[in-house]
Amino acid sequence: MKPKKNPNADIGRNSSLYFMIGLTSVLFVTWQSFEVKTYDKETNVSEVVQVMDDLKEDVPITEMVRTTTPPPPPSAPDVIEIVEDVEDIEETVIESTESNQDAFIEDVVIAIEDVNVGEVEEEEIIPFALIEHVPVFPGCENLSTEEERKACFNQKVQEHVRNTFQYPKTALEMGITGKVFVQFVIDSNGRVAHIKQRGPDRLLEQEAVRIISALPQVKPGIQRGKPTKVTYAIPITFKML
């Protein structure tokens with residue numbers, strides 16, 4: 001039976017030879033590439049310097065301060081006088097005042113006269129609610145009981161606050177409101193003293209102090225038969241309607 005293909009036309013017949021030739025060529029090219037030497041090209045660098053012909057600059061005007069030279073130091077005297085020694089001065093001998101065992105010390109008797117020391121009684125301050133006889137506000141003298149006088153005193157103080165009250169203009173414009181607690185003392189002469197205030201704003205506190213300071217003189221409170229200081233407290237409400 002005859003073969004169908006010509007054996008001279010077989011492509012794979014010399015494949016091993018072709019492979020060896022190609023591998024040899026690649027290795028040769030690779031080896032030559034490692035042996036090649038390269039050099040950098042020289043570059044000419046030119047430096048350009050720009051010089052300005054006219055250089056104008058504003059120079060600040062300064063003023064030279066001339067200081068006066070200090071005076072020269074005083075010169076030494078030409079002639080030096082020699083002072084003779086002064087006369088001998090007798091030294092004052094100060095004897096020691098320390099005592100020793102042989103010294104005798106007389107007994108010293110100090111007489112102390114009897115001194116009468118009087119006790120200073122501090123004036124007592126009684127709260128309004130605990131005073132025996134409450135202060136009497138003008139217009140409450142005809143009342144007989146202490147309860148009536150106490151109620152009349154409270155009523156008169158509230159009427160005084162309402163009649164004397166003036167809302168501070170600045171506080172009114174700023175919308176400041178609140179309650180000011182005022183505490184004061186009615187002294188033994190029936191006058192207002194030692195006003196203390198606490199409120200939300202200084203303007204309201206100043207108005208509350210002004211109102212309480214304008215209270216009239218009252219009959220002072222009585223404790224154990226003597227005029228006594230009495231403390232009184234009242235809240236003043238500042239409210240815009």
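Okay, ground rules before anything else. What you see is a predicted model, so I only talk about local features at pLDDT of at least 70 and count side-chain atom pairs only at pLDDT 80 or more, while totals for chains, interfaces and linings use all residues. Residues are numbered from 1 along each chain as its sequence is written, and side-chain values use heavy atoms, with hydrogens and water left out.

We have 4 helices and 5 strands, taken as DSSP runs numbered from the N terminus, with helices being H or I of at least four residues and strands E of at least two. Going along the sequence, the pattern reads α-β-α-α-β-β-α-β-β. Of the 241 residues, 18% count as buried; for that word I mean under 20% relative accessible area, with exposed over 50% and partly exposed in between, using a 1.4 Å probe and protein chains only. The accessible surface comes to about 22600 Å², and 53% of that belongs to carbon and sulfur atoms. Those areas are Shrake-Rupley with a 1.4 Å probe, and for residues only the protein chains shown count as cover.

How about contacts? A contact here is heavy atoms within 4.5 Å. Take the contacts with a separation of 6 or more: residues 24 or more positions apart account for 68% of them.

Now the salt bridges. Which residues pair up, and where do they sit? The general idea is that side chains of opposite charge can pair when their charged atoms come close. My cut-off is a side-chain nitrogen of Lys or Arg within 4 Å of a carboxyl oxygen of Asp or Glu, and the structure holds 3 of these.

Start with R224 and E124, whose closest N and O atoms are 4.0 Å apart. This pair links distant parts of the chain, 100 residues apart: R224 is in the loop between β4 (221-223) and β5 (226-238), and E124 is in the loop between α1 and β1 (125-127). R224 counts as exposed because its relative accessibility is 65%, whereas E124, at 38%, is partly exposed.

The other two sit inside helices. E146 and R149 meet at 3.9 Å, N to O. They are 3 residues apart in helix α2, so about one helical turn separates them. E146 is partly exposed, since its relative accessibility is 22%. Then there's R210 with E207, at 2.6 Å between the closest N and O atoms. Again they are 3 residues apart, this time in helix α4 (residues 202-213), so about one helical turn lies between them. E207 is buried at 9%, but R210 is partly exposed at 33%.

While we're on helices, look at H160 in α2 (residues 146-164). Is H160 buried or exposed? Buried, because its relative accessibility is 13%. Leaving out residues up to four places away in sequence, H160 touches I211, A214 and L215.

Next, T170 in helix α3 (residues 169-174). T170 is partly exposed at 42%. T170 and L204 are 34 residues apart in sequence, and their C-alpha atoms are 10.0 Å apart in space.

L23 is in helix α1 (residues 15-35) and is partly exposed at 39%.

Last topic, empty space. Rolling a probe the size of a water molecule over the atoms shows where empty space is left. It's a 1 Å grid over the protein atoms alone: a cavity is a set of points where a 1.4 Å probe fits but cannot get out, a pocket is an open set with protein on both sides within 12 Å along at least five of seven lines, and lining residues have an atom within 4 Å of a point. Points are joined across faces, edges and corners, and a volume is the space filled by probe spheres set on them.

The second largest pocket has a volume of about 160 Å³. Its lining includes Q158, R162, F165 and I234. The elements giving two or more residues to that lining are α2 and β5, and the largest share, 4 residues, comes from β5.

As for cavities, the whole-structure search finds 1 of 30 Å³ or more. The largest cavity has a volume of about 40 Å³, and among the residues lining it are F137, F153, F184 and L215.
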